[in-house]
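Please read this note with the model open beside you. Take the points in order, and find each residue as it comes up.

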Amino acid sequence: MMSVLSAGKIQQHISAIASGFLGDWLEARGNGLAVPMRMFIDGQPLDVANPTVDAPGSTLCLSIHGLMELDSVWDFPGQAHEHYGTRLAEAAGDTTALKLRFNSGRPIYRNGQDLADLLEQLVMHWPVPVKRLILLGHSMGGLLIRSACHCGATRQHGWISVQLDCVYIGAPHDGSWLAIGAHKVADRLNQVPRDYLKVMGEVIDLRSEGIRNLSRGEVFEPGQDEQPLLPQARHYVISGLLARKAEHPVNALFGDALVHESSARGEHRPGWVLNGIANFPGVDHLRLAHHPLVCGQLQEWLV
Amino acid sequence: MKGPDNHVHWWLGVADLLGHGMQHGAIKLKRAHLSIADESFRMLEAIPVTRPVSRVVRVCHHSISHISYSSVELAGHAVALLAAAAAARGVVDGEHGCNMNDS
């Protein structure tokens, strides 16, 4: 079935892509294409300072998209506003599903700081006491969760003390091979004494801080040491692979198309204790955000 | 707000981005074009028979290229400047009550 995109949706996608590529620059210029950080419930913006929700649950499930994506990436194909959060809410009860939209070109640590503040406001003003917070992060969204958790702990936010479940779905904790590759190619081209090759290098290098952070999985402020995972929270990792057969060489080369399995598991991050790890061969990077198998795994872990 | 055309701030953002794209794209294209052309001119320069003519052609080629790319660059700069000014005026006047990215 062909999906029909409205003019408004197309504009939102253009904003998301432009923000991913040049989000920090757009924000600095006050450009109307820069996506502001907002939470959404059932497709409608939510005022975190005054949340008006029909049946507020004591568990909040927030889905955070990745680079150049919109919150709609979570929706199951052909089912608007049906996503992992709503399925978890149906299964667990007393749960409200929320989605986040943000400017993915900003440095990850700055988005993390804003997310921590937003969560603090939300939990403070939520109509019923929040007992549990589930954070689902796809790709860069997973890095944002780690950054927000660190920031929330540093600022002694209240939301850090509720039962916290963090799920990293295809998150490039050790960087994305594509971002790393782009960085290396740009470096090489810039070293060649030919102006036309330098121009190509400069064009490849023309990318946002958010993308630069992705190349090394940087989630903390520059100069800050590596921080461990939040010890009081439960942490889960989900990764995907392009080919159905796990040992297929394509998987070794490209992982889920953008992120290798080892990077999704944060194998180079010291001292990580994960409560659950799942790998889905045959599910690519984008489909990890709205796949029935992933949904089943989340229910198994979180319900 | 009835439709996307009313989201002035968003469209001004597009104009700003396109203006900057034109401006910086023209600068980069000029550099690439001239440096690729120089590869050929260097070869012609090395041959005694073609050297005098190639020097004249090179000056003409580079001058025309400079004028052409600089015009596009200037036009892009003007578009970006106008869009940024209009967006700033709109923010001051409070014209843009609805953000396209919020819906």
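This is a predicted model: local features need pLDDT of at least 70, side-chain atom pairs count only at pLDDT 80 or more; totals for chains, interfaces and linings use all residues.

1. **Chain B overall.** Start with the secondary structure. Chain B has two helices and zero strands. The chain holds 103 residues, and buried ones make up 17% of them. Now look at its contacts between residues at least 6 apart in sequence. Of these, 86% join residues at least 24 apart.

2. **One residue in chain B.** Find Glu73(B). It sits in helix α2 of chain B, which covers residues 51-93. Is Glu73(B) buried, exposed or partly exposed? It has 18 other C-beta atoms within 10 Å, so Glu73(B) is partly exposed. A residue needs 20 or more to be called buried, and 12 or fewer to be called exposed.

3. **Partners of Glu73(B).** Set aside residues up to four places away in sequence. Glu73(B) then touches Gln23(B), Ala26(B) and Ile27(B). Check His24(B) as well. His24(B) and Glu73(B) are 49 residues apart along the chain, yet their C-alpha atoms are separated by 7.0 Å.

4. **Where the chains meet.** How many residues does each chain bring to the contact? Chain A brings 21 residues and chain B brings 22. On the chain A side, α1 (7-29) and α6 (195-205) each supply at least two residues. The most comes from α1(A), with seven residues. By type, the chain A side divides into nine nonpolar, seven polar and five charged residues.

5. **Helix α6 of chain A.** Which residues of α6(A) are buried? They are Tyr196(A), Lys198(A) and Val199(A). These residues cover an arc of only 155 degrees around the axis, so they lie on the same side of α6(A). What do the buried residues of α6(A) pack against? They pack against α5 (177-191) of chain A together with α1 (8-46) of chain B.

6. **The nonpolar core.** In soluble globular proteins, nonpolar side chains tend to be buried together. Here the largest nonpolar core has 71 residues. Those with the most contacts inside it are Cys61(A), Leu135(A), Val167(A) and Ile169(A).

7. **Around Ile169(A).** Ile169(A) is in contact with Leu136(A), Gly137(A), His138(A) and Gly142(A), among others. Its partners also include Ile238(A), Leu288(A), Ala289(A) and Val294(A).

Methods:
Residues are numbered from 1 along each chain as its sequence is written. Chains are lettered from A and ligands numbered from 1 in the order in which they are written. Two residues are in contact if their C-beta atoms, placed from the backbone, lie within 7 Å. Helices (H or I, at least four residues) and strands (E, at least two) are DSSP runs, numbered from the N terminus. Ala, Val, Leu, Ile, Met, Phe, Trp, Tyr, Cys and Pro count as nonpolar, Asp, Glu, Lys and Arg as charged, and the others, Gly among them, as polar. The arc is that of the directions from the helix axis to the C-beta atoms. A nonpolar core is a set of buried Ala, Val, Leu, Ile, Met, Phe, Trp, Tyr and Cys residues joined through C-beta atoms within 7 Å.
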